[in-house]
Structure formats: C-alpha cells, structure tokens
Amino acid sequence: MASSDDNTEFMIDMLRECGLAHKTIIFVLEEFDLFAQGKQRLLYSLLDAMQSLTSQAIVIGVSCRLDADQLLEKRVRSRFSHRKLIFLPSSVDSLQRLMEHLLMLPEDSHLPTKYVMEYNARVTSIFSDKKFKGILNSLTDSDATTSHILRFLFRVVSYMDMDSGLLSMQSFMNALSSMRRQPKMDSLQDLSILELYILVCMHRLEDKEHSSYNFTTIMKEYKSVQDAYRTSDNYSHTVCFRAFEHLLDRELISFADKKGKALEYRPVKLLISSHELAQSLKLNTTCPAVLQKLLDRERYM
Amino acid sequence: MSPATPSTVRRSLRLLETPTKVPSETPVKPRPTPKRKRAAPSPKTPIQPEPKRQRRQPKKRAYYRKVVYDGGEFAAGDDVYVKRREGAESDADESEEEMCRVCFRSGVTVMVECDVCLGGFHLRCVRPPLRCVPEGEWACPYCTAERAGKAIERPKPPEGKRIMRTAKEKLLSSDLWAARIESLWREPDGIFWAKVRWYIIPEETAAGRQPHNLRRELYRTNDLGVIEMETILRHCYVMSPNEFKDANDDGDDVFYCEYEYDINWHNFKRLADIDDEPETKEDPSDEPYNAGNEYDSDTDEDSEYDEEEEQTKCSSAGKNQAHELAANLWKGRIYGLQKIGIRKIPEHVRCHQKTELEKAKATLLLATLPKSLPCRDKEMEEISAFVKDAICNDQCLGRCLYIHGVPGTGKTMSVLAVMRRLRSELESGNLRPYCFIEINGLKLASPENIYKAIYEQLSGHRVGWKKALHFLTEHFLGGTKVGKQANKPIILLIDELDLLLTRNQSVLYNILDWPTRPNSNLVVIGIANTMDLPEKLLPRISSRMGIQRLCFGPYNYRQLQEIITSRLKGIPAFEEQAIEFASRKVAAMSGDARRALEICRRAAEFADYRIKQSGHTSMNRGKNVVSMGDIEAAIQEVFLAPHIQVMKNCPKFGKIILVAMVHELYKSGLGEVTIDKLAATVISWCHANRELLPGYDTLLKICCKLGESKIILCEEGTKHKLQKLQLNYPSNDRNYLINISPDS
C-alpha cells in the first residue's frame, strides 16, 4: 500500500530511532549485484541513510561477481565505502586441516571410546598417506572451494565400510571417482546402436561443413551409410525418428532455433564434441566396428 | 535540567496557569478531589521559583509511565485535551454528552452524527426517522436543505436551556488544545508535569482549512511543550486513518490525524507507520525509574529537548550555531525513544572513554555533520545571493538555478547549509518568510510522483499525481492558490534532477516552466551530476534551465586537506603528511570528499588495530597516530583490483583454461572462443605435459565457475559445446598469469 517513498522515509525514521537507542542494524544484501540493476533506488536510499544521519547501521553486500562495485552508479559508488573483502579459495594445507577437523570424532562423544580411538587413528593414518595427498591435489585442481570439499567428504562418509564403521582409503578413492563423473559420457555409454548411428551421422554432416541440417538430412546420410555398408542396423523411418526424439530428450542434441516448422525440418545441432563421441564408441563393447570406422574414416576424408 | 526551564516559563505564561496546587498523594492513587472545580483564582503569575528549585535538586525528578491524576489515568502516549486559557469559558457549561439538536435532551438512545455540522440527532428525532445508523456519510435534513440552497430554520433550544458545547466543539473552535503526552514526571516540589506534543486544527496551519480536511481532522506538530498536569482536562482519542475507520461509536472525543505539520517550514509530512505499532516492546518495569535509569532517560530527554528547543523556539536570539545545525538536519522530527521502547543505553557505551583515534574515526564519519564547511564559501555565497535576490524583492520573480558537479563535492550539503543560514536570518526578521521544499529525485517512485510530493508538502493532502499537477498548475499560473501562503515564495530543491527525465520530458518542462510565470513565486534549485544536462534536454527546457548555473568542481588536494584537517581539529591523531598524502591521492583520482574521508577513517582503523596488536597504548605518543603507512594500506585496499588476486588463487585447471583462452584468442584474433576449441587445446596441453586429463564436463563446470565471478564472460552452460567465452579483463593481466602458471 505504501509507496517506496513512504517506505524509505519509514526506514530512515526507524534507523534514526535505533541509532538513538544504540541498537545496530545490519542489512545483508545477498546476490548484491542483482540490486545494482535499474536505477538502484534501494542501494541509493540505504547508503544515503548510512551517511546522512547518525544511524547505527551496516550494509553488507554479498556477491560472487568480482566487478560488483563497478556496477554501481556514480552517485551510489561515491556513497559506497569501498571496503572489499575477497574470499579466496583456501590453500591445500588449510583444506587438509579443515578435513581433519570435520572427519575426526570428538573425544567426549557418547560413542564408545574404543571405537573413537580406532576411528581417529585410522583417519590420521589416511591423512598421512601419500595417496591421500594425490586425491586432495586432484580434487583441488578442478575446484578448491569449501562447498566442493564438503560434498566430497559427504560422499566419503557415504562410502564408509558399514561392518567396521571405519573409513578406508578405498572410500576416499570411490568418492573421488564419483566426484569425477562425466554425465555426458555416462549418458553416451548407454545409448542404443541406432542412436549412436544418428550421432555419428550428425558428426559426419558437421565435418562435411553442412552448417545447418535437420532430421531429413540426417536420414539421407543414414540411408547412404546403410547402402554403402549393408549393416543389419537398417531401421525404418519411424523407429529412427523415435531414437532422434530420445536424443533430444537427453540433450545430446538440440534444435538450433526455438520456433516454427515440423520437427523433421527443424535444424538441429550436436551438443557433444567429437572427442567425447570417439571415446564413448571406444568404450562401448557392443558398438559395431563399422561405426568406429565411419567416425575414424571421415576424419581422413 | 536547565534547558527545560525557559520553555516551561514560556508555555506557562501562555497558559496563564498557576502552580498553586500541589498534589501530595503518591501518583498511583486516585485523587478524590471533585472534578473541575479547581479554577485557580490567581492569574498571570509566571512561575518564578521553578528554576531555582530545579537547580537545587537537579536529580530528584521522578518519571512515571502512568499517573492517576484528578480522577483520570494518564499515560505517556495518551491524547488529552488541554485548557487553553483560564476562565474565558466557564468550566461548568461543558457537557460530556452531546444533546440532540431536535429535542435537546441527551439520552441513552442511539444518536447519529451529521457529517457536515457535527450535530447529534436521535434516530427517532430525525424526519423521516431512521431505523438504524446509516452506512457511509450522512447529513442531517437541515444541512441537506442548506446545501440545496433552501433556507430552513433549525429548531431552537427551549427557554432556559442553552446548547452546551462539548469539548470537541471547543477544540475545533480553538478554545481548547489537544496534545499527546510524551512523558510525565513529578518535580521535587510535588507538582506533576508533562511534556506534550501539540496537535493543531487545520485553521491554525499556514495553509488554513482546506476543502479536503475532515471536520474532525487534526494535525500533529513537531512542537513540544512542557505543561502542568493541572491544565489537562481529560482524554481524547486521536486516531490514524485506519483506526478512525473502525472507530464507529467510540464517543465524541475521537479525532482523525494523518499528517504531521512542520511549524517551521510550514509543510506537511505523512505520519510514518511507526505510530501504529503497539508499544509492546516497552520494558516491563512499571514503577518509577531507579536512580541509574533515571539518569539515562534524563540525558536522553534533555539532548532531545535541546534540539527541539533550538528548533522550535527560534525567536530567542543568541543561539549556539552548531546546535542548530545538528537539529536542523532532522528537520525537527523527533519521535523519542518511547517509540521503540528502549530506554536503557548499554553501560559499556556510556562509560567508554574514547581514545584519540576513536574520536578521529567518529568525526571522519560521513554522517557527522562538520561544524564548518570549508572550501565552498564562494559557491555558498552565490547560492545565498541567488535565493535572497529571488525572495527579497517584493515581487518575487521566479528563478531557476542548476547546480552540477561530480559526486562527493558537497552540492546538497552546501545548499542545505545556505538554507539553514537563511532561516536564521528569517528569524531575525531580515527576510521575507518563505516555504522550503526538498525533494530527492531518486527517492520518488516515478518522475510524475514529484507533483504529488510537492503538493503534499504544500497542502498536507495526498492526491493522485494528475490531480496534484492540476492544482499546482493552477497555483503557479495565478489561479486559485493552494493554502493561505499564497504570496509566500516557495523554494524547491530537487536533488538528482536527471532522474526526472521522462521520454517527452514533460515533468521537467512543467517544473521549470512554473518559475517563468508571473506571480508564481517559485524558485527552483536543481542538483545533478552531469554538466551538460541542460544541453541534453529539449531546447525549450534548456532555455529555461540553463541560464544560471553553478559548477562544483572536484576538490583539489589542498581543499581536501583543509576539509580533513578542519574535521580533525583538536584531535592529534593524524600525521600532517599522512593527510596530505591521502588528499593528493584522492584528488588525483576523483576529488571526491567522501572517498577521502573514508580512506582516512580506514587508515585510522588500521592504526588502531596496529596499536592494539603491539599491546601498549599511550606510552609513546609519536606512535599512536595515523602514519603514511596506514594511509597507504587503506588506499591499497580501496583502489586494489581484486581480479589478479583471484586469478592467482584459481585452481590449477582454472589457470590452465585462462592461459589456453589467451592463447586461442591470440591465435584466432577474435574476441571469443567456443568451449569446444578451448577444451581441445587444454586436453592436448595436458596430454603433452602428462597431466591427468580432465573431462569435458569438468572443464565446462570450471568455465561456468569462472563466469560466475565474471573473470570471463560466458553463456549459460546448457549450450554445452557451443558455449562461447570471452575475457573480461585486459589480457596483459593474464600474461602475467602465464608467468606464474606451473605448466606450459
């Protein structure tokens, strides 16, 4: 009901009252950069209130953008105190200390003392292991943020040996490999042969520098391949279309533009790289040799 | 306690009230005195002994939350009638119940009130008789007839019986006052006093009664007074619009209050919602405060009181200038701590002895208003000359001044300082009275709302912006004037003027057009950052605005130095060179005074921290000051680009990706690269260096993370291999990265 004007005034009055009463107010603006859109009325009023009266208040902006303070308008920036605090990813050593702190059981817990001792000894021995250093390094190579480490530790604990209730190096290894999963490779793994054919055909088309192609073009390519090699995987048009739709659902391919036309004639794009495709064909045991050859051969064409 | 006395005397003089009665009972017991038979005979006796007594026993004043006095229970926050003068209207003829205007009997049966004449009528006395109280507005047959232009004779009271006037009528015909009790206390001599906030009726405002004013409308003022409890008559109920809506049959003493009236600037402010909050947070101790508490509340009250006094009673000459500055900043609107319900100031805050550095930090706060404003004398001179020129002439010519300058050069502050100075001149009678309206463009919801804001401050009435525009146009074009202050010049200060720019620029046109009209009596002062705002506007607007301009250039280092030193006067916390260094740095960057003060304050914090770290304070005087090193550290922090630090601490693959990106972009000469190509490069490099191969999806994830922090700009991750990437920082920063990168 009240306009922003009224609310601003109310806020300023409130701030003054709290200032008189020696009560401090802390405003935390999360995703601070989103407040910097538009005319920045909110930021202006807040920061102006900070400096125009004896209010005891603090504004803390939290953002993941480094250039968040550059987004401020000139008159807002002038009111901003220019105090910046960067949260850098922690070093490997401090991460290890964090992990120790998180994994060690407290001495005075309600668990049996013997178990606590044994568990802590095991964890310590794992931490001093050389292999563990390797795991930690490969973990921090990709992402050294605390949330990443926490996710990792959660998996480690989930891989705990349920009989003994102890952690082992194996649980760390398992956790690392589960962190390293490549979702696209995984979904490539369990594609049917026909779907792989379609992907390979699309890849061939891209290699032939067809800038835009659709399902009909792909079918033409598929037919020509079938004609050349006379494989047993010659499927009808409708079956192929169902496989095509399946690929769309898995987001391995996508339409180039959103609107218009029947599905068969809409231009499509491949979303996986040739490297990934080749690797998945190599790993797929049921994949016919022809497919490998098709992918390899056109590389030298 | 001494500041309280002048007003006590003054207000009492006005009331012609006498201090003869001394209630001797304890406050919580009801007083069995007969009601309203205490008309004190000795008039016109100013209270002389009061101040002396206070000086003798300064701390024996007891504050109460609730006082039972003369048969009524009064608490802080209650609204009451206050007697305006003694003996003018004998107390006896007041009736608490209203009489019917037809049968002239007050009875138990339901009465209905006419919305026009406020007379009461029995339901059955009205012709035709009413069955129940009608919904919505209702006017009595007499008023309806009068409105229709017919002459009709109202029933006359029977012989020997006069129409008794109720307190409400007396109030509305300004024979009584209404006030809100802010605090209650008993003086050492046993007399009960109350500090009250006055209400005024629309007729008493500068604008006069407006057609939109309701019959029962009152305005709250920012005027506080100290009165004796003797003068309080009984309760009335002043309600906010919402409460008033619900108060259907709460009796006769119900009033409506929506606005606060500023008795100095003669403008209106809508009451904030604070008043609606029930005062539940009050601390539960209902008893008189103990000594410690009392001291607290005393100091509060007094400081508040001082300012209020300075603010409202400006007729007295010889005021302390600094005080007035402090009070004016708030425009005198002080609600008092009671609103939040915190009276106790923490012990550690009160008893803490400030060190030099802490004092310095406090004075460097942007919020603290400096005692003097150095370095803007010329500009202030010009502004005040402009305003005086505009309002001193008998015929106030409309004018317009455009003030521009980069942020932090003291534009708004100077104008406000000039206005304060002019107001003190006004009080000493050298200047014609005028009305000052301040509006900030960024605090309006939309440009058009400025009409609403101006009109509301002028008239105390809130209408839609179209209607407000209509009224204002009429006002300035010489038609019907808004309010009584028709010929008073109006000074309109618009901060952040550029925000009022609309597509067809009609808002700016209207506002800048009014001053050019004869008899508009309007002076517009616009403030904005851009120098060429008039040139960006349509020619017909710039011709109206661009004639008189005032530029606030960025401060040079000497001025900044002077500003800082003047603030730190008497506090030996900074080295001379340190201040000079800071001001030179800031002057070279932006000349923003806010920035300079902020840097100094940060440096003081650094110094404070350093001293606390070293453990011994105040042993060595030379070391306890802010040095060059501290300033340097503060500047480092302010001007440091964070991205190099972040890039240095990237995970390894993040660094590799950045280097590969620079490489790819350099090779292709384009501005962007797809993740497909980038990943191929990264993987080939890792292959060559026998690194563990990262998966495509891992690389994609890292790219998205880098994109989050805007080191690189990237499209959303759902585009997979088609995602495009761009660098967000100059690539030589990244070349620097290559040097520190472990591989390649």
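1. Which strand of chain A gives the most to the nonpolar patch? Strand 2 of chain A does, with 3 residues, where strands are DSSP runs of E of at least two residues and helices are runs of H or I of at least four, numbered from the N terminus.

2. This is a predicted model, in which local features need pLDDT of at least 70 and side-chain atom pairs count only at pLDDT 80 or more, while totals for chains, interfaces and linings use all residues. Residues are numbered from 1 along each chain as its sequence is written, chains are lettered from A in the order in which they are written, and side-chain values use heavy atoms, with hydrogens and water left out.

3. The nonpolar patch covers about 390 Å² of surface and is made by Ile26(A), Val28(A), Ile58(A), Ile60(A) and Val62(A); its residues have over 30% relative accessible area and no salt bridge, with nonpolar side chains joined within 5 Å. Accessible areas come from the Shrake-Rupley method with a 1.4 Å probe. Strand 1 (25–30) and strand 2 (57–62) of chain A each give two or more residues to the patch, and Ile58(A) lies in strand 2.

4. Turning to the interface, 62 residues of chain A are in contact (heavy atoms within 4.5 Å) with 71 residues of chain B. The two chains bury about 6300 Å² between them, 55% of it on carbon and sulfur atoms, buried area being the accessible area lost on being put together, summed over both parts. In chain A, Leu66(A), Arg75(A) and Arg83(A) lose the most area to chain B.

5. Between chain A and chain B there are 7 salt bridges, each a side-chain nitrogen of Lys or Arg within 4 Å of a carboxyl oxygen of Asp or Glu. Arg75(A) forms a salt bridge with Glu496(B), with the closest N and O atoms 2.7 Å apart.

Notes. Buried area is the accessible area (1.4 Å probe) that two parts lose on being put together, summed over both. Patches are made of residues with over 30% relative accessible area and no salt bridge: like charges are joined within 9 Å, nonpolar side chains (Val, Leu, Ile, Met, Phe, Trp, Tyr) within 5 Å.
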